[in-house]
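Me: I am new to this structure and would like to understand the words that are used for it. Could we go through them one at a time, setting each value against its definition?

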Amino acid sequence: MALLPILVAPDPRLKTKAKPVEKVDAETAQLMEDMLETMYAAPGIGLAAPQVGVSKRVIVVDVAPEGEKNPLRMANPEILWASDDLREYEEGCLSLPEQYDAVTRPDRVKVRFLDHQNEIREIEADGLLATCIQHEIDHLDGKLFVDYLSSLRRNMVLRKLTKLKKSDPDLGQPKKVAAEV
Ligand code: K1U
Ligand code: ZN
């Protein structure tokens, strides 16, 4: 298992469409495990492969309450259906540290994907799980939640992060534990 560095915007790799996975082989299954470890350590409730610099259509999600685990591993996730009723949620993003804003998305979605054993699966999701899956699929298409905001607000956030990256080049790097120092 490995903790992976998380890219912080602005970064061209976060704006690039990721490539479909042909088959979930051992390498892709290992990527899913490393992404889950990285997501739990961040901490976060989702992570997409482009956020760790890998151009593959792979996401992981876990919206279980604190102290519980319910990880979802998805390759080539596609939204088959989305509800007309919408839900607004104050979203965050591990590639936009400390930035939050309200985004409106469909409240329920039906998603098809390949799991870590290369089996095709379909699930229906609602609430926070639906929001998180849509946010992660957006990452696979090179889209960040700030792309739903006004260009004024988006540019403000990106300028702030450019400054933050200059002053802290370790931003997004896994935090070292005492034993590793
Ligand atoms: O994709 C990402 O950058 C991860 C992101 C997922 C997400 C959050 C909120 C709405 C939609 C998608 C995060 O996990 S940001 C961190 C976060 O929300 C969180 C962290 C700790 C506990 C609970 C939530
Ligand atoms: Zn994100």
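Me: Why is Cys-132 called buried?
Reply: Buried means a relative accessible area under 20%, exposed means over 50%, and partly exposed is the range in between, all with a 1.4 Å probe and with protein chains only. Cys-132 has a relative accessible area of 4%, so the word buried applies to it. This is a predicted model, in which local features need pLDDT of at least 70 and side-chain atom pairs count only at pLDDT 80 or more, while totals for chains, interfaces and linings use all residues. Residues are numbered from 1 along each chain as its sequence is written, chains are lettered from A and ligands numbered from 1 in the order in which they are written, and side-chain values use heavy atoms, with hydrogens and water left out.

Me: How do you know how many disulfides there are, and where does that leave Cys-132?
Reply: In general, a disulfide is a covalent bond between the sulfur atoms of two cysteines. The rule used here asks for a pair of cysteine sulfur atoms within 2.5 Å, and by that rule the count is zero. For Cys-132 the nearest cysteine sulfur belongs to Cys-93 and is 10 Å away, and Cys-132 is in no disulfide.

Me: What makes a residue a donor to the zinc ion (ligand 2), and which residues are donors?
Reply: Donors are N, O and S atoms within 2.8 Å of the metal (3.2 Å for Na, K and Ca), and a site may look incomplete because water is not among the atoms. The zinc ion is coordinated by SG of Cys-93, NE2 of His-135 and NE2 of His-139, at 2.0 to 2.3 Å. Along the sequence these donor residues follow the spacing C-x41-H-x3-H. Cys-93 lies in the loop between β4 (86-91) and β5 (101-106), whereas His-135 lies in helix α2 (residues 127-140), so the pair ties together parts that are 42 residues apart in sequence. The element names rest on DSSP runs, with helices (H or I) of at least four residues and strands (E) of at least two, numbered from the N terminus.

Me: How do you know which of the atoms around ligand 1 make polar contacts?
Reply: A polar contact is a pair of N or O atoms within 3.5 Å; within protein, one atom must be able to donate a hydrogen and the other to accept it, and residues adjacent in sequence count only if both atoms are side-chain atoms. An oxygen atom of ligand 1 lies 2.7 Å from a backbone N or O atom of Ile-45, and a polar side-chain atom of Gln-51 is 2.9 Å from an oxygen atom of the ligand. For His-139, an N or O atom in the side chain is 3.4 Å from an oxygen atom of ligand 1. The protein covers 78% of the 540 Å² of accessible area that this ligand has on its own.

Me: What makes the backbone at Glu-98 and Asn-118 worth a remark?
Reply: Most residues other than glycine have a negative phi, and most peptide bonds are trans. Phi of Glu-98 is near 65°, a positive value, and phi of Asn-118 is likewise positive, near 65°. Asn-118 is found in the loop between β6 (108-114) and β7 (120-126), and its 26% relative accessibility makes it partly exposed.

Me: Which peptide bonds are called cis?
Reply: The bond from Ala-9 to Pro-10 is cis, with omega near 0°, and so is the bond from Ala-42 to Pro-43, with omega near -5°. Pro-10 is in the segment before α1, while Pro-43 lies in the loop between α1 and β1 (46-48).

Note on methods. Accessible areas come from the Shrake-Rupley method with a 1.4 Å probe; for residues, only the protein chains shown count as cover.
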